[in-house]
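Here are some notes for a first look at this model. Please keep the structure open beside them.

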Amino acid sequence: MKQATQANSGRTMTEELKQTHAIRCRALCKAFGDVEAASGVTLDVAAGRFLALLGPSGCGKTTVLRMIAGFETPDRGEVEIGGRRVGGPDVFVPPEQRRIGMVFQEYALFPHLTVEQNTAFGLNGRAHRSERIHDVLVLVGLEGVKDRMPHELSGGQQQRVALARALAPRPEVILLDEPFSNLDAGLRDRVRQDVRRILRKAGVTAVFVTHDQEEALSLADEIAVMIDGHIMQADRPERLYRRPATHRVATFLGDANFLPGQASNDRVECEVGTLPLMEDAEGEVEIMFRPEDLLLTLDENGPGEIIERTYFGHDQMLSIRMNTGTILKSRLVGCCRGLHEGERVRVRVDTPVMAYPYAYGCPVAQA
Amino acid sequence: MPTNSPGGLTAATPPSTVSRRAQHARGATKRPSLSLRTAAGVVAALMLLPLIYLIIRTVELGPQILEILARPRTIAVFFNSLGLTVAVTASSVLIGVSLAWLTVRTDLPGRHFWGTITCLPLVLPSYVGAFALIAALGPNGMLQRLLAPLGVERLPSIYGFPGAWLALTLFTYPYVQLSVRAGLRGLDPSIEDAARSLGRTSSQVFREIVLPHLRPAIAAGALLVALYTLSDFGAVSLLRFNAFTRAIYVQYTGALDRGAAAVLALLLVVLTFLILLIEYRLRGRARYYRSGTGTSRTRTRTRLGPWRYPAAAFCALISLLALGVPVLVTGYWLLQHEAGGQQWVGSLTIMLNSVTASGLASAACVLAALPIVIHAVRHPGPISRLMERCAYIGHALPGIVVALALVFFGARYAPYLYQTLFMLILAYVILFLPLAVGSIRASLLQISPRIEEAARTLGYTPRRALYSVTLPLLRPGLFTGMALVFLTCMKELPATLILGPTGFHTLATRIWGATEEAFFARAAAPALILVLISAISIWIILEHEEKE
């Protein structure tokens, strides 16, 4: 950490970049038999940042995490942690020498050791051992249960023991493999916020793997979307949601409407009118906008009909069938203003939309 | 003592390949360390030693093999064994299925009591059973002594086929009973109800629904019995029926023709493998059939009506023969013994021998099993799978075959080891390694590799992670494995008889020797001790199964 701050205060640009990247993956490839789990994964995580590796199950995200940890050796490509090359064609640093902390999906606590002993496990022979244990246990709020065995703890507590154990040796980075999937829904939200707070406080760089886009959007500083062994896009959560780079990323990160359109500079002509574009485009394109961008007005002569309404309380989702047969989704927050199934509506989009090269035969709205 | 004790087939379930892909995908692909692979390889090679040497020894005989195979003696032995196996299997199935049905599916009075009591003969090693039969019904036995005052001088001979058949049936039918009982309990009662609702009578339901469902369970039990019978040495030798195991022993001790002993042994191995192959195939199917969940409460029971009296009498008769006789006989001969206390003192030194050999063997087994199991579970692949399969070979080899092969090997290549405790322990390890591998494997599978990886991320090398995390967590499995091997070694007969150092008597060899010489009183105390030990080992196995 100290080195990093020094670097910040006066080095050339390239050196600084190198120093501030806690993790760098270069074109990582890994195949299991005929299954390519990772094909050319390149990923940078800035020091102190919290990156989510998001993808559907089986997309290879856990494999990438395990290559960073050193539990898998990449077939090709390189891994750097804290500016040190730990994996590559000619180097392999075993996991125990990589200075990483890992939180496993099922926590992998040592069932034969107490909370305190679990936390102390990585601190053998270190100076100020008991202070460190105390500090970490206080940080995660488990000081009071340090003499319990793992099976005597709740799921959320076990999660925090795993975190304490990983943080205790002051690792360069923390890797978390689906850290919240073992918690029931009610607990999950709170534990997520706890973990985020603890990691921030510890000032550590973290990478976590998840298949839950809501989790990724709400927790991470940055999200890398991984599908079929490729990183499709890596960006801040807001940008990723507003400007997904491809059709697939758009559908993976929430509900989306797709329409064919004719683009010209910063405008696009489509079924719902002429819309502003996020980026300039020309010719035939497929446009994407989120359901919350589609505004409705009741109009007996409107071109759309509400065919389905799903009420969630804080908001509602409406399906509108246009006269052309296209089905669009609209998410409305607040009162429903007489928008019932069977009513006719006019539709409008005010916000800029994304445009993709036209690649689909007849794109329709997708959930 | 045949190798296929209940433990041999329950605790030592061969590795499945189901989770291969999953383990693979989740990164068990790290290369095993050279020392681990070497250790596993050495153990695997050691396991193959008897079989390979037996094959070499047989092949050396050249054209003489055919001559030995064509001997009328060989053919007689073959058909003796085959006949005994078929007869014992058939009668065991008959008794086992009836008992299972009576105690699970009828309103038999005291069915819980009978259900438990009829399974108990499982704890009797076959030679103890044979001892009981001979000491009760043999010449100069209990019955004859009791009848002598009435002028009865001779009883029909217990020796030969009838005795062997009776003894083995009485001590193996529980295998069928237990298997069928599980099958009956696994049957979803709603299927029977459905059949009834479609107009079938209860006996039609039994024939059309229950029996087909039970077929795999019956087959599994029957194959266990067949395997047991084929490899049994104790009962067959004491009851002087010339089956394979006895013929091999006679050939060997008589030093008549060691070549013939080798050929017979190999022939026996071939037969055993055939049965194991069938058993292995059927086992997967049996599991498929037993997919029902525990919904046994709503089941209706067949009303026996007046038939319940003969049914209860049948249970009582079987219990009396299989359990009552051994208990009575042991008690009778214990009291009969003139020298009283001295017998117990003698038994103590013998027991010490048993404990020493079994203790060393159980430690050796666990040590040998560890590299095999860790290699197989943590580094799944064709090589580790093959090595693990090798570790299970003792499962398929009758004790007498392993003993014979080691005697041949020792006499030729390692005369300094011949007739030492080392050879005996080696034989035990080869025979009972599957027990240790089975329980340690089950235990290791419970320990997530993530736990070892957690230790790695905290700065532990693979070896240190093994010692500070895996081994402490493995303790229950190590203990179970060790206890199983220990208790099974205590009961082992043929290898102990052949490989034990001169003058080295164990509980098993004492019972066998005393029975053979008709010093029944001398066998009583060791028999009692052994039955207790045997009971403990079966209890451990059942506990172990429950946990799985």
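Which residue in E15(A) is the bridge partner of Glu308(A)? The bridge partner is Ser319(A). The points below start from that pair.

This is a predicted model: local features need pLDDT of at least 70, side-chain atom pairs count only at pLDDT 80 or more, and totals for chains, interfaces and linings use all residues. Residues are numbered from 1 along each chain as its sequence is written, while chains are lettered from A and ligands numbered from 1 in the order in which they are written.

1. Strands E14 (residues 304-311) and E15 (residues 315-322) of chain A pair in the antiparallel sense over seven bridges. Strands (E, at least two residues) and helices (H or I, at least four) are DSSP runs, numbered from the N terminus. Two strands pair if DSSP finds at least two bridges between them. Three residues sit between E14(A) and E15(A) in this hairpin. In the turn, Gly313(A) has a positive phi of about 95 degrees.

2. Four residues lie between the strands, and Gly325(A) takes a positive phi near 100 degrees.

3. **Helix H3(A).** Nine of the nine residues of H3(A) are buried, so the helix is largely enclosed by the rest of the structure. Buried means that 20 or more other C-beta atoms, placed from the backbone, lie within 10 Å of the residue's own. Among the buried residues are Lys61(A), Arg66(A) and Met67(A). Gly70(A) follows H3(A), with a positive phi near 100 degrees.

4. **Chain contact.** The contact takes 20 residues from chain A and 18 residues from chain B. Residues are in contact if their C-beta atoms, placed from the backbone, lie within 7 Å. Helix H3 (61-69) and strand E6 (100-103) of chain A each supply at least two residues of chain A's side. The largest share of that side, three residues, comes from E6(A).

5. **Cores.** A nonpolar core is a set of buried Ala, Val, Leu, Ile, Met, Phe, Trp, Tyr and Cys residues joined through C-beta atoms within 7 Å. The largest has 168 residues; Phe131(B), Ala369(B) and Leu433(B) are among those that touch the most other members. Its largest share, 16 residues, comes from helix H19 (residues 421-446) of chain B. Another core, of 110 residues, lies apart from it and includes Met67(A) and Phe121(A).

Note on methods: Two residues are in contact if their C-beta atoms, placed from the backbone, lie within 7 Å. A residue is buried if 20 or more other C-beta atoms lie within 10 Å of its own, exposed if 12 or fewer, and partly exposed in between; C-beta atoms are placed from the backbone.
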